[in-house]
Amino acid sequence: MRHAKRPEPAPEGNDSAKAGRRKVLGWIAAGTVVAAVGVEELVRRTGGAPDGPSALPPPSAEASHSHGTDVPSASPSPSPSESPLPTPAPARPWSDPAGWGGSLPSPAAAVRISDHVLLDADVSVGSLVVEASGSLTFAADRSVVLSSAGNVEVKGSLTLAPTDAVLHTLRFPAVDERRFQGGGMTLVPSDTGLWVTGAGYLRLDGAARTAWVRAAGPLKAGDTTIALAAAPTGWRPGDELAVTPTGAPNAEGFSERYDLRTIAAVSGSTVTLDGPLKYPHPRVATGGGVTVGAEVLNLTRNVRIEGTEKGRAHVHLTSSRKSDVRHAALRWLGPRAPGKDQWNGKAVTEPVLGRYGLHFHMLADSSRGTVVEGVVVRDTGSHAFVPHASHGITFRSCISHQTWEDAYWWDGPLDTRTPQGPSDDITYDSCVASRTLFDPNPRGYRLTGFSLGAGTGGVARDCVAVGVQGANGASGYHWPETSEGVWTFERCLAHNNLENGIFVWLNAQHHHVVGQFVAYHNGGWGIEHGAYLNDFDYTGSVLYGNAAGGVALHALGRDKGTVLDGLLIDGAGLSDFAVSTKHHQLAGESVLVTRSRLTGYRKAGVAFAAVDGGAPEDIAVLDCEFGGPELWIDPALPEPKRIVLRRAGDSQAVQVHRDSSRTPTTATPGPRPITTPHLALHDTAAPTARLA
């Protein structure tokens with residue numbers, strides 16, 4: 001876990017000195033120094049009442065954080081608001097000077113809105129606060145840009161809901177990432193971004209677009225059209241597309257072969273591109289009823305919140321009112337800061353604590369019922385989607401693309417002895433984690449697209465993890481150490497990740513089921529399963545063409561034991577083994593590999609590799625069909641506790657010894673026929689819609 005340094009508390013002083021510091025910080029956050037009289041006059045014109053000498057909220061001691069965890073020492077969770085959503089009175093146009101007392105706010109102004117304003121023209125401000133009594137609504141029928149040099153805080157309501165043909169943009173063009181402090185529950189003047197606080201309401205409600213569709217057939221380098229598996233909704237000329245890599249892991253750069261192209265024309269399910277594809281994107285037949293093409297991700301939305309390529313902002317929600325976030329593109333968010341370490345002579349960067357793409361921060365039950373649909377977070381320096389200690393949020397058909405750190409995530413524990421704080425009832429439905437990065441990549445241990453952390457009622461269904469980079473233990477989906485959550489995990493796909501499809505490193509107290517999972521063309525294992533003792537059932541899944549093999553087994557069972565049941569593991573000639581054991585740290589219950597088909601490997605179906613120390617093997621391989629030699633036993637393997645083999649169709653099980661000799665034995669359960677998985681993955685993202 002990477003932690004940010006705890007900021008030093010501000011020195012104490014008399015009230016006058018503190019007020020002066022607040023004023024200066026307010027001016028800095030506005031991106032320029034504004035004379036105090038100018039700030040106060042602007043507040044008077046808008047009808048608001050300043051909280052103090054500065055037009056911006058003062059910094060708070062709560063902005064500090066403890067031990068690198070984004071949790072304040074004593075900050076109550078917001079309670080749900082039962083009041084109705086704001087119903088603005090007729091709004092005055094921003095462009096009318098009369099509403100501002102005769103002259104429009106200057107680009108350096110620290111603006112506070114306490115009435116109802118319609119943004120009907122492009123404007124720039126130093127900073128903006130929408131008071132609890134106020135609202136700012138972008139004109140639905142015209143393309144407008146609000147640029148803010150400093151923070152935008154929403155205590156009332158902010159609405160960006162354009163008609164389908166126009167564009168609404170909130171931009172932070174002057175972010176200085178070096179000034180970020182990070183952490184805490186309250187607004188930090190130096191940490192430029194969008195803050196939704198108090199009982200503020202955020203509505204981002206863009207035109208509905210199908211988030212992603214798979215190609216209907218193989219794509220060749222040089223192709224200028226793509227036939228999609230279904231006709232997408234809302235795609236337009238000018239939309240930017242990312243075509244995911246699908247090639248085998250023995251090709252150079254197999255996890256990074258993306259094509260970024262723009263739509264020139266779209267007709268039904270045929271898309272014409274603005275230029276030829278650089279890479280081939282083959283359609284892959286994994287078996288088990290699964291034949292899939294490349295995902296074609298639409299990265300364009302007509303609601304945008306963005307920093308710049310050299311100055312990343314963030315979105316931070318602590319409001320007690322549920323937000324509506326639909327069909328928005330969030331770009332150049334998630335600031336980074338130089339770390340203490342160096343790599344090849346360059347400073348390693350770290351994410352700023354608590355400043356992420358879309359961050360629901362410690363809302364507890366206030367966030368229940370929140371739906372985030374069709375949202376893209378891209379080119380972002382830190383986590384994309386973060387429901388941190390915030391319950392009951394559904395993410396549907398969202399895309400993280402080209403983001404640093406774990407894409408779908410919430411704060412991990414302080415250390416391996418401290419349990420992670422839970423986020424309950426989180427749903428990832430038809431979401432994509434695409435091209436997840438780390439700085440530097442060789443140190444990206446356990447980097448993941450989806451961190452399936454602590455909490456109850458979690459669901460990951462019909463999701464895709466592709467192009468995740470990183471080092472040992474990196475994966476598309478991760479069950480992290482000391483962060484046990486119980487998840488419904490169904491019909492998810494991991495492909496062309498640099499390391500693993502799934503990585504489990506968990507000493508579990510609960511029983512976990514992973515069903516109908518597909519992993520193909522990953523550079524490591526389809527599933528790498530640890531840590532020491534846990535109970536997992538992997539059922540009805542397909543693992544195809546993964547470079548290291550199908551399943552690596554580090555852990556033995558805790559109570560019921562781990563079961564691999566009804567799997568199709570096809571090495572596609574790329575791996576030596578379909579399944580391989582690793583170092584077992586502790587003696588535990590047996591691991592059962594049963595009713596599965598193992599094929600396409602070069603040496604053996606199941607390998608028992610020698611390691612120093614640890615617990616002996618306790619594995620039963622029952623009723624499986626093999627495409628070659630069944631077992632390989634390392635000559636240096638210590639005498640196993642128990643290796644049992646019963647081939648498909650046999651009635652007699654045998655115990656296999658270290659010298660490969662075999663003696664008859666009994667095995668439970670009794671003989672059963674092979675179960676061949678037959679999966680039906682969706683070729684398009686789940687449909688989404690605008691608010692009624």
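Visitor: Is asparagine 496 buried or exposed?
Guide: Quick heads-up: this is a predicted model, where local features need pLDDT of at least 70, side-chain atom pairs count only at pLDDT 80 or more, and totals for chains, interfaces and linings use all residues. Residues are numbered from 1 along each chain as its sequence is written, and side-chain values use heavy atoms, leaving out hydrogens and water. Residues are sorted by relative accessible area: under 20% is buried, over 50% is exposed, and in between is partly exposed (1.4 Å probe, protein chains only). Asparagine 496 has a relative accessible area of 0%, so the word for it is buried.

Visitor: Where is asparagine 496 found, and what is its phi?
Guide: Look in the loop between strand 40 (493-495) and strand 41 (500-505); strands are DSSP runs of E, at least two residues long, numbered from the N terminus. Asparagine 496 isn't a glycine, yet its phi is positive, near 55 degrees.

Visitor: How does threonine 482 count by relative accessibility: buried, exposed or partly exposed?
Guide: Find threonine 482 in the loop between strand 38 (475-479) and strand 39 (485-490). It's another residue that isn't glycine but has a positive phi, about 60 degrees. Its relative accessibility is 22%, so threonine 482 counts as partly exposed.

Visitor: Which residue is the bridge partner of valine 551 in strand 50?
Guide: Strand 47 (residues 549-553) and strand 50 (residues 577-581) run parallel and are joined by three bridges. Across in strand 50, valine 551 has as its partner valine 579.

Visitor: In the hairpin of strand 57 and strand 58, which residue in the turn has a positive phi?
Guide: Strand 57 (residues 653-656) runs antiparallel to strand 58, and four bridges hold the two together. One facing couple is alanine 653 and threonine 665, the latter in strand 58. Five residues sit between the strands, and the one in the turn with a positive phi, about 75 degrees, is serine 660.

Visitor: A cis peptide bond joins aspartate 439 to which residue?
Guide: Check the loop between strand 34 (432-437) and strand 35, where proline 440 lies. Omega is about -15 degrees for this cis bond, and the partner of aspartate 439 is proline 440.

Visitor: How many residues apart in sequence are tyrosine 356 and tryptophan 409?
Guide: Rings of Phe, Tyr and Trp (its six-membered ring) pair if their centres lie within 6.5 Å; planes under 30 degrees apart are stacked, over 60 edge-to-face, the rest tilted. That rule gives 21 aromatic pairs. Tyrosine 356 and tryptophan 409 are an edge-to-face pair, 5.6 Å centre to centre with 80 degrees between the planes. Tyrosine 356 lies in the loop between strand 26 (346-351) and strand 27 (358-364), and tryptophan 409 in the loop between strand 32 (399-404) and strand 33 (427-429), so the parts tied together are apart in sequence by 53 residues.

Visitor: Are the planes of phenylalanine 385 and phenylalanine 395 stacked or edge-to-face?
Guide: Both residues are buried: phenylalanine 385 has 0% relative accessibility, and phenylalanine 395 has 0% too. Their ring centres are 5.7 Å apart and the planes meet at 70 degrees, so the pair is edge-to-face.

Key. Two strands pair if DSSP finds at least two bridges between them.
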